[in-house]
Amino acid sequence: MTKNKWVNLLLEAIGCFISALGIYSFAVAAGVPVTGITGICAIFYRLFGLPIGVATIVLNIPIVLFSYKKLGRAFFLRSLFCMAMFAVYTDTILPHLPIYQGDRLLATICGGVIGGIGDALIYMQNASTGGLDFVTMAIKVKHPHLPFGNLTFAAALAVIVLNGVVFHDVDSVIYGLLFNYLVAAVINKVMFGFASSMLALIVTDNGKAACEEIDRVADRGSTILHGQGGFNGDPKDVVLCACSNKQLYEIEQAMKQLDPGCFIIMLQSNEVHGEGFRRLELGKTEENKA
């Protein structure tokens, strides 16, 4: 989320279009179940021809009212804008554009990747398209350690099974699982995976020199933890550094030259908050800052 509200609105609008494109022009066109309230509305669309966007707004009303206090006024207003944009794209623009009518598996893969990119853009502006997104956002606010993409995937399972039961289509359940897994994976990667995703723990005899070398090769800060060898009790320095995948490789090579006998542990990290790392704030950002 940027400091310029007009840039944020533009990114929200773009995210809504990309998300709607992945859902309407790929998933719904191929009969692939999608997430949450939109997935329920997609079932109504296939059964009765009800417009997906309008039905989404109608079903969102009780969920929005339930989640308002938890997520805050600013998030609520941004999400109303996204819901309206999603409805406009889905009901008035995309029906006049070409839809993908090829292989169902390709439609699932393309729709999942495209939809995940769009959803991530929306979430990164501290907004949502409504529906079960409000519920998963509220869970994320209360339990920030839970990966957001995984919450989104869990919320979709019931709709996927419902779709298979209604249309007597076992294959749709499989395609729906694949589609929503891709959406969740892309959301996690776009929101958290590119900026910072690794944690290095370096056990060495010279922590200060290691920190200086990390600063030189990767321009990253680090922290020295004081440890002790388990076998002979010798003092050891444990250098902790959060970095990107590329920086981790550079740090690893530098440490091998500085201290060939050092011990390096490389861990995958979902989120890193602090100076030099992008922070994602969900829900009551204005209230939290007050």
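Contact means heavy atoms within 4.5 Å of each other. This briefing concerns a predicted model, in which local features need pLDDT of at least 70, side-chain atom pairs count only at pLDDT 80 or more, and totals for chains, interfaces and linings use all residues. Residues are numbered from 1 along each chain as its sequence is written, and side-chain values use heavy atoms, with hydrogens and water left out. The chain contains 11 helices and 4 strands; helices (H or I, at least four residues) and strands (E, at least two) are DSSP runs, numbered from the N terminus.

**The chain as a whole**

- Of the 290 residues in the chain, 47% are buried; buried means under 20% relative accessible area, exposed over 50%, and partly exposed in between (1.4 Å probe, protein chains only).
- Among contacts between residues at least 6 apart in sequence, 76% join residues at least 24 apart.
- The accessible surface comes to about 14,800 Å², and 64% of it belongs to carbon and sulfur atoms; accessible areas come from the Shrake-Rupley method with a 1.4 Å probe, and for residues only the protein chains shown count as cover.

**Helix 10 and its surroundings**

- Helix 10 spans residues 245-258, has 14 residues and reaches 20 Å from its first C-alpha to its last, close to the 20 Å expected; the expected span is 1.5 Å times one less than the number of residues.
- The buried residues of helix 10 are Gln247, Leu248, Ile251, Glu252, Ala254 and Met255.
- These buried residues pack against strand 1 (198-204), helix 9 (207-218), strand 3 (235-243) and strand 4 (263-268).

**Strands 2 and 3**

- His226 has Asp237 in strand 3 as its bridge partner.
- The two strands form a hairpin with 6 residues between them, and Gly233 in the turn has a positive phi of about 75 degrees.

**Salt bridges**

- The whole structure holds 5 salt bridges, each being a side-chain nitrogen of Lys or Arg within 4 Å of a carboxyl oxygen of Asp or Glu.
- One of them joins Asp205 and Lys236 (2.9 Å, N to O). This pair links distant parts of the chain, 31 residues apart: Asp205 is in the loop between strand 1 and helix 9, and Lys236 is in strand 3.
- Asp205 counts as exposed because its relative accessibility is 57%, whereas Lys236 is partly exposed at 28%.
- Within helix 9, Arg216 and Glu213 lie 3 residues apart, about one turn of the helix, and their side chains meet in a salt bridge (2.5 Å, N to O).
- Within helix 10, Lys256 and Glu252 lie 4 residues apart, and their closest N and O atoms are 3.3 Å apart in a salt bridge.
- Glu252 is buried because its relative accessible area is 18%, while Lys256 is partly exposed at 44%.

**Loop residues with positive phi**

- Asn126, in the loop between helix 5 (104-124) and helix 6 (132-142), has a phi near 60 degrees, a positive value in a residue other than glycine. Asn126 counts as buried because its relative accessibility is 0%.
- Asp219, in the loop between helix 9 and strand 2, has a positive phi of about 55 degrees although it is not a glycine. Asp219 is exposed because its relative accessible area is 62%.

How values were computed. Two strands pair if DSSP finds at least two bridges between them.
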